[in-house]
Every structure is written in structure tokens, then in C-alpha cells.
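Please look over the structure shown below before reading on. The report then takes up a few parts of the chain, one heading at a time.

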Amino acid sequence: MALDATGMGTGTGPVTVQRGVPAGAERRAAELYWDAFGRKLGPALNPPDKAVPFIAAHLNADRAVCALLDGQLVGLAGYQLGGRTFTGGSAADVLRAYGHLRGLHRLLLLALFERHPAPGQLVMDGIAVDPNLRGRGVGSLLIEEVAAVAAEQDRREIRLDVIDTNPRARALYERRGFTAVRTERTPYLRGLLGFGAVTTMRRAVGTRGTGER
């Protein structure tokens, strides 16, 4: 899959999509992921100069599809499959990186973000795209590649969660065929995590959305 990036203001060739994070691009992947989700994950993993290296050191490179422009990583979409997610790291890893005293409450916060697939589901872990390329179709390419992974793994549907403070992402998912099925309101977490509701969305495998963004 490829997208013509001419005129995008960065890079000269097409945006291409591949399975897995390229070797040596782990730090860049972590930076993109943090740029997209740092506000959400900040209370659990801040400060950024500790969070980004932690994510880079513990990511599962084979649980993502990536967008490349001129050989550089410009976007990714993580997913959960076979009990492994894109962002890894055990409880012991968190405690080792942040210390036992500060690490325990971080583990409790990270537990709030855990999602487990039902039989026949593939859970997608959000999309991160370079700010210079947002709104240019990269997210759509990544979603369709995740859909291809789901089909190859005989999954019936793709599931994801989107927070109420990210309407742009929700609009993208809706254009790509996702439908909201449930909203969990957690106003008591707004002050702590910065959002007060999480909407679960699903898309049947084999369904395609509309539009190019």
C-alpha cells in the first residue's frame, strides 16, 4: 500500500506501509506514540524524558504496522494479538524504571488502560502520525493494514477505544467504517487523566470506510 506524498510539505516519495517497526526505529516509534498519547499516558509514565525511553525499550515491534516516507517512520498503528500489545513492559520493568515507591501507583494507572479482546476480535491500540502528515491519508492506510492483519488472523472484527478529548481520531475511525457501541463515562478521572469518557468502537473485518483521510 502506498500514498503519494508529493506536496505534503515533507519528504519527496510515496508513503508506504509495512508490518513491524523497522530495526533501529524504536526510539522514533516511541516519540510518535508519546506525541499522540502522552497526554493520556502522562500521569502513569511522566516525565517524557523517562517515558519515551521506557516505551522504546519495551515495545513489541511486531505488533504494529508502520508508515514510512523516504525511509523514515512517519506513522504507526499498534494492535493486540496473541496476548501481546505494541507497548510492552512488565510490572517489574515499571518498578525498575520508576522505583518501587513511585512505580506502584503508576501500575494502578496503567491497569486502567488495559483492554482484552473478546473471541474473534483484534484490539487496535490507536494511531500515531507525524504532525506534518496528519489529515493526509496516512491514518487510513494504517487502519486498512491493521484490517488486513485481522483478516489474515481470522478475526471477525476490530475493536478500539477512543477518548472524548480526541474527536479528530473518532471522526477518522467513523470514516473508516467503525461504529460506536458503548461509552463508559468516568468523570472522576477527568482531573487525573484529562478525559472523562471512553467510547468503544467496532468494525467488521472486510468492511471498508469512505474518504481518504
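## Two packed helices

In this predicted model, helix α1, which covers residues 26–45, packs against α2 at an angle of about 125 degrees, and the axes of the two helices are 8 Å apart. Because angles over 145 degrees would count as roughly antiparallel and those from 65 to 115 as roughly perpendicular, α1 and α2 are described as oblique to each other. The crossing that α1 and α2 make is right-handed.

On the α1 side, the contact is made by Glu-26, Arg-27, Ala-30, Glu-31, Tyr-33, Trp-34 and Leu-45, while α2 contributes Pro-48, Ala-51, Val-52, Pro-53, Phe-54, Ile-55 and Ala-56. Sorted by class, the residues in this contact of α1 with α2 are 11 nonpolar and 3 charged, with no polar ones.

Arg-63 sits in the loop that runs between α2 (48–58) and β3 (64–69). Is Arg-63 buried or exposed? Its relative accessibility is 13%, and because buried means under 20%, Arg-63 counts as buried.

If neighbours within four places in sequence are left aside, the residues in contact with Arg-63 are Ala-77, Gly-78, Tyr-79, Leu-81, Arg-84, Thr-85 and Phe-86.

## Helix α5

Helix α5 is formed by residues 138–152, 15 residues in total, and from its first C-alpha to its last it reaches 21 Å, which is close to the 21 Å expected at 1.5 Å a residue. How many of the residues of α5 are buried? The number is 12 of 15, and α5 is accordingly described as mostly covered.

Just after α5 comes Asp-154, whose phi is positive, at about 60 degrees.

Thr-165 is found in the loop between β6 (157–163) and α6 (167–175). With a relative accessible area of 30%, Thr-165 is partly exposed, because this term is used for values between the 20% limit for buried and the 50% limit for exposed.

Which residues are in contact with Thr-165, once its neighbours within four places in sequence are left aside? They are Arg-39, Arg-190, Gly-194 and Phe-195. For one of these, Phe-195, the C-alpha atom is separated from that of Thr-165 by 6.1 Å, although the two residues are 30 residues apart along the chain.

Definitions and conventions: Residues are numbered from 1 along each chain as its sequence is written. This is a predicted model: local features need pLDDT of at least 70, side-chain atom pairs count only at pLDDT 80 or more; totals for chains, interfaces and linings use all residues. Side-chain values use heavy atoms; hydrogens and water are left out. Helices (H or I, at least four residues) and strands (E, at least two) are DSSP runs, numbered from the N terminus. Buried means under 20% relative accessible area, exposed over 50%, partly exposed in between (1.4 Å probe, protein chains only). Contact means heavy atoms within 4.5 Å. Axes are lines fitted to C-alpha atoms, for helices over the stretch in contact, and angles run from 0 to 180 degrees between N-to-C directions. Angles under 35 degrees count as roughly parallel, over 145 as roughly antiparallel, 65 to 115 as roughly perpendicular and the rest as oblique. A crossing is left-handed if the near helix is turned anticlockwise from the far one by less than a right angle, and right-handed if clockwise. Ala, Val, Leu, Ile, Met, Phe, Trp, Tyr, Cys and Pro count as nonpolar, Asp, Glu, Lys and Arg as charged, and the others, Gly among them, as polar. The expected span of a helix is 1.5 Å times one less than its number of residues.
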